[in-house]
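I opened the model to look up strand pairing and the chain contacts. My entries follow.

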Protein chains: 2
Amino acid sequence: MRWIRFSTDDRCAYGLLDGDAVMEISGEPWGTPAPTGSKYRLRDVTLEVPVVPRTFYCAGINYSTHIREMAAKRGVQPVFPEKPDIGYRANNALIAHEQPVVIPVDATEKVNYEGELVVVIGKQAKHLSAADAMSCVYGYTIGNDVSERTWQRGDRTFWRGKNANTFKPMGPWIETDVNLDTMTTIVRVNGAESVRFKTNDMIFDIPTYIAAMTRYLTLYPGDVIWMGTDGTSPDLRHGDVVEVEITGLGMLRNPFVRPTN
Amino acid sequence: MRWIRFSTDDRCAYGLLDGDAVMEISGEPWGTPAPTGSKYRLRDVTLEVPVVPRTFYCAGINYSTHIREMAAKRGVQPVFPEKPDIGYRANNALIAHEQPVVIPVDATEKVNYEGELVVVIGKQAKHLSAADAMSCVYGYTIGNDVSERTWQRGDRTFWRGKNANTFKPMGPWIETDVNLDTMTTIVRVNGAESVRFKTNDMIFDIPTYIAAMTRYLTLYPGDVIWMGTDGTSPDLRHGDVVEVEITGLGMLRNPFVRPTN
C-alpha cells in the first residue's frame, strides 16, 4: 500500500494512493484507518511531509563509501563507527516533495545532498531483539539530509549545518511493501545521475539499529529513522534540482534556491 | 498565570492552577484557551509533562562554573562556547514531575542531574532581533537534563547518554509571570542542597539564543528551549530523590531508581 499525507483548501489528511486516485481516511495508516468516503485525484491535492515524527532519528554515517569519500575530501583517515549510535534531526527543517530547499544567504558553497531510506515506525516498541525488530516497522519513505558542510564541521552542534529550515525534505509517500535487498538508491542533479548505491548495503542494518535503540528508548508510531547515505555530493547551487529515487519506493524531488539577500 | 497539563481517567487537558484549584480549558494556553466548565483539585489529577514539543531544543553548556567544574573533573582545560549553537534532546525521554528516572541496568555509576530553566514558546517566530526575541516566549518550566557521563563521552552521539527513556524530567507546570533577574536555581538531593546558582547568569541569555536560532529556523508554539545548568552533580544512586527548584517558578521532583536486572 502507498499512503500520502495531503492537504486541500480545508483539510490535511492521509489518503490511500492507487495510480492517480486518492481515497481519504480518518486517522493514521498505522492506527485504525477508516475511509471517509472523500476521493481526490493526486494532481488536485498538495503533498505534505508523510509524517511529523514525535522523535526524528537519523543514523548519520552508515555506508562505507560515504565514509571513505568524505574522509578523502577532508584529507583525513576514514573512521568507521563501532556501534549503532543513533542521532537526531529537527522537525522544523522538514519540507515535502517539490518544496524548495532555501539555502541561507550566509551559507558557504558547501551545500550537499544525502539521499536516504527512511523507516516509519508503526507500533510502540521497547526491548526488541534483532529477530523481532521489523515487527514495529510500518513502511518506508525517502529523505534528503541536506547539509552545509562548513557549519557541520565548525559549529558545536548540527543545528544550522543540518537543521536549518527546509534542510530535511521527506516524501513523497509511505510505501508498505518493499524488498529491501533489491532496492537501489539513485540521486540525480538536474536530471544527471550523481550517485547510485544498493539501499540495503548499510554498515548497521535496520534490525541492528532498532534492537540497539529499543534497549534504551521506546519507539512510537510515527517516529522516523533516517538510515544514512552512501557516496558524496557535488556542491549545490541556486536553481539545481535534486531527485532522490529509491527503486520500488518512489522519487523525492526538490529544487534548491539561494536568495541573494 | 500557572498552567498544568494533567490527566484524569478519561482525558488529558490543560488547566489553570489557582492554589489547589484546577480550571480545565480546551486547547492550549498559548492558543485560544476556553474554559470547559470542568474543575478539579490538584491532588485528584495526574500531572503530565507540560508540553510535548514539536522540536526539543537544549542549549547545553551555558554557565561558566559548570564548564570549569566539569573540565576539572576530567582533568582538562575548560573550553567556553564562542557562539550560541543550540542542541537537541529527544521526546521519548520526557517524564513528568514525581515520575521515576529509571537508570538503565548497564549504566555506569556516573549518572548526574542538571537543573535547567526551560523556555516555552507561544508564538511562531522567525528572524527575531534580540530586542524582539522575548515576544515569542509564552512562559517557563523546569527541566532536569539527566546524563550518563560515560556514554555521553564515549558514544558518537548523546542518544543514550542524555536521551534514554526517563532521562528528561520536565515540569511541574508552566508559569507565565516570572522575573528572570531575581530567580535562583537550587538543586537538592534527598533534601540536602547540592547546587545553587543565579538562574539568569547564562553565558548566552534567552534573547541571544532566540535571535541566533530564528535567523535559520522557525520556532513554533509548544517548542521548548532548555537553557543549560551551572555547577556539577554527585553520582546519583537507586533511591535518591532530586528536586530542582527555581524560585518564583516551582519545584520539579523525581526519584531515581535502578532496577537490578
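I began with strand 1 of chain A and found that it pairs antiparallel with strand 5 (residues 46–47) of chain A over 2 bridges. Strands here are DSSP E runs of at least two residues, numbered from the N terminus. Two strands pair if DSSP finds at least two bridges between them. In strand 5 of chain A, Thr46(A) is the bridge partner of Ser7(A).

I noted the provenance. This is a predicted model: local features need pLDDT of at least 70, side-chain atom pairs count only at pLDDT 80 or more, and totals for chains, interfaces and linings use all residues. Residues are numbered from 1 along each chain as its sequence is written, while chains are lettered from A and ligands numbered from 1 in the order in which they are written.

Back to strand 1 of chain A. I counted 5 bridges to strand 2 (residues 12–18) of chain A, again antiparallel. Ser7(A) has Cys12(A) as its bridge partner in strand 2 of chain A. Strand 14 (residues 168–175) of chain A runs antiparallel to strand 1 (residues 2–7) of chain A, with 2 bridges. There, Arg2(A) faces Glu175(A).

Next I traced an open sheet of 5 strands in chain A, order 9-19-18-15-16, with mixed pairing. Strands 9 (101–102) and 16 (192–198) of chain A are at the edges with a single partner strand each, so one side of each lacks a neighbour in the sheet. Ile246(A) stands opposite Gly250(A).

Notes. Helices (H or I, at least four residues) and strands (E, at least two) are DSSP runs, numbered from the N terminus.
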